[in-house]
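Thanks for coming. Please have a look at it first.

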Amino acid sequence: MTLISDIDIPILATKARVKWDPVRQKNLLLFPEGLLVLNQTAHEVITMCDGKHKVITIVNSLGDKYKTHVDADIRELLSKLVEKRLLLLLE
Amino acid sequence: MMNTPLLYPYSLLCELTYRCPLQCPYCSNPVNFERYTEELDTQEWQRILDEAAALGVVQVHFSGGEPLLRKDIVQIIRKARDLNLYSNLSTGGTLLTEKLVHELRSAGLDSLQISIQDADSLNSEYISGGLGSFDKKKNAVLLAKNAGFPLTINVVLHKQNLDNIEAIIGLSEDLGVERLELANTQFNGWALKNRNLLLPTRCQIENAIRKVKSARERLKDKMEILYVVSDYFEQYPKPCLYGWGSVFMTVTSDGTVLPCQAAREIRGLKFENARFKSLEKIWFESESFCIFRGTDWMPEPCRSCPQKLIDFGGCRCQAFLLTGNAAVTDPICSLSPYHNIIEQAIEETEKESPIKWIYRNEDESKRSAFTPLSDNK
């Protein structure tokens, strides 16, 4: 598993695109020959992967919003997306 | 009939034309492609994309034949983009020009896949049957990269190039692509006709897997390497399309709508045409889509097997092509009563035979019209 550090700044790769699917009423992450169905948290995380927010900012912002511990889940999602080369980490 | 909830297709394959300047002997087009010459026009493709998007399709894959032979390719892609579909184009690359690559990019094409046959021109062109194609393909990769496309190199693996897998990976690395798809031949269509020349030996497969593993490790920050296994060497069949009529549909150049791109070879099954019926009606109501949907159709050993929701009984087209019956367990499965067909093929491929391809072209396609089914095995 790719380790995600607090100061990494994730940005969605150009080949990946988020789309609202009106038929299924879900947000999807689309990429070459594949897709992920996003739940609300995953969608909010990916929306924040715009090359402007540090991982720690994303974790704190969603943690505050949902009043639960989302840290491990978010890092797991980011790690999975980095391994699929759908997210790039900026220094 | 159905025992699964209503499903909407995620993905649409548009085989825009069966015309192609190359003649790869493992082409997935139907062997009798030459009889389907009446291609859909631009408006018909645009209407099909409209219908597909309304039906839940979010990914559209354009292929052929050679899709760049369509003069309206840019218009068709622009339509997909207008519908916010994620679009992907698979090309042999030989017809790509700097002008065209920029037109495709600005029309909104999301991703591009270019096929390579082997690591050097002699082997590549012997496989593709296209003299001079190797340099054109390499050039196409560079054009696509310069235009900023997310790019995949696709390589079909088989007996004649599997031993060069390191060189193939090296070539992709030199060309600087970020994604390489190494897919073992699936033995439908033309590939089945040439199986004795294409099916690798077990030893070749094992070596290739080892080399891919070490290349993945070495290149993990540079290139994603996908490896699609050869189902002939697996214990259970592949989960073909995640089940028949479950997430995927194909529209062919003449408008025929298929649950799988190889399904056209299943004789006795009637397929509808998007010229005359809506995709929605075809997806939900046609016999061709309903017949193998879910698990009710399954015979033993699938019916009582815990694997049935993992592999869905395997590939219907392969079952038909190898046994004459599309409704039996895929013979790949070690539990299939027909599994000896697979074992025999693997045994036979150990013998050396001179390479004499049946190239995928119109003459051979016409000839196939007179081939009895038993000769397809």
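Which residues point one way from E8(B), and which the other way? Before I answer, the conventions. This is a predicted model, so to speak of a local feature I need pLDDT of at least 70, and side-chain atom pairs count only at pLDDT 80 or more, while totals for chains, interfaces and linings use all residues. Residues are numbered from 1 along each chain as its sequence is written, and chains are lettered from A and ligands numbered from 1 in the order in which they are written. Helices (H or I, at least four residues) and strands (E, at least two) are DSSP runs, numbered from the N terminus.

Now the answer. Phe248(B) and Thr250(B) point one way from E8(B), Met249(B) and Val251(B) point the other way, and all are buried. Buried here means 20 or more other C-beta atoms within 10 Å of the residue's own, exposed means 12 or fewer, and partly exposed is in between, with C-beta atoms placed from the backbone. In a regular strand the side chains alternate between the two faces of the sheet.

What does E8(B) pair with? Two strands pair if DSSP finds at least two bridges between them. Strand E1 of chain B, residues 11-15, runs parallel to E8(B) and is joined to E8(B) by four bridges. In that pairing Cys14(B) is opposite Val251(B). Strand E9 of chain B, residues 257-258, is antiparallel to E8(B), with two bridges. There Val251(B) has Val257(B) opposite. E8(B) and E9(B) make a hairpin with five residues between them, and Gly255(B) in the turn has a positive phi of about 95°.

Next, backbone geometry. Most residues other than glycine have a negative phi, and most peptide bonds are trans. Leu241(B), not a glycine, has a positive phi near 55°. Leu241(B) is in the loop between strand E7 (224-228) and strand E8 (248-251) of chain B. Is Leu241(B) buried or exposed? Leu241(B) is buried, because 20 other C-beta atoms are within 10 Å. Tyr242(B) also has a positive phi, about 55°, and is in the loop between E7 and E8 of chain B. Tyr242(B) has 13 C-beta neighbours inside 10 Å and therefore counts as partly exposed.

There are cis peptide bonds to report. One joins Gly64(B) and Gly65(B), with omega about 10°, and Gly65(B) is in the loop between strand E2 (59-63) and helix H2 (73-82) of chain B. Another runs from Glu300(B) to Pro301(B), with omega near 5°. Pro301(B) is in the loop between helix H11 (287-290) and helix H12 (308-311) of chain B.

On to chain A. Strands E2, E3 and E4 of chain A form an open sheet in that order, with antiparallel pairing. E2 and strand E4 (34-38) of chain A are the edge strands, each pairing on one side only. E2(A) and E3(A) share five bridges, and Arg17(A) is opposite Leu30(A) in E3(A).

Last, the interface. How many residues of chain A are in contact with chain B? 13 residues of chain A are in contact with 15 residues of chain B, where contact means C-beta atoms, placed from the backbone, within 7 Å. Strand E2 (17-21) and strand E3 (26-31) of chain A are the elements that give two or more residues to the side of chain A that touches chain B. The largest share, three residues, comes from E2(A).

Technical notes: Two residues are in contact if their C-beta atoms, placed from the backbone, lie within 7 Å.
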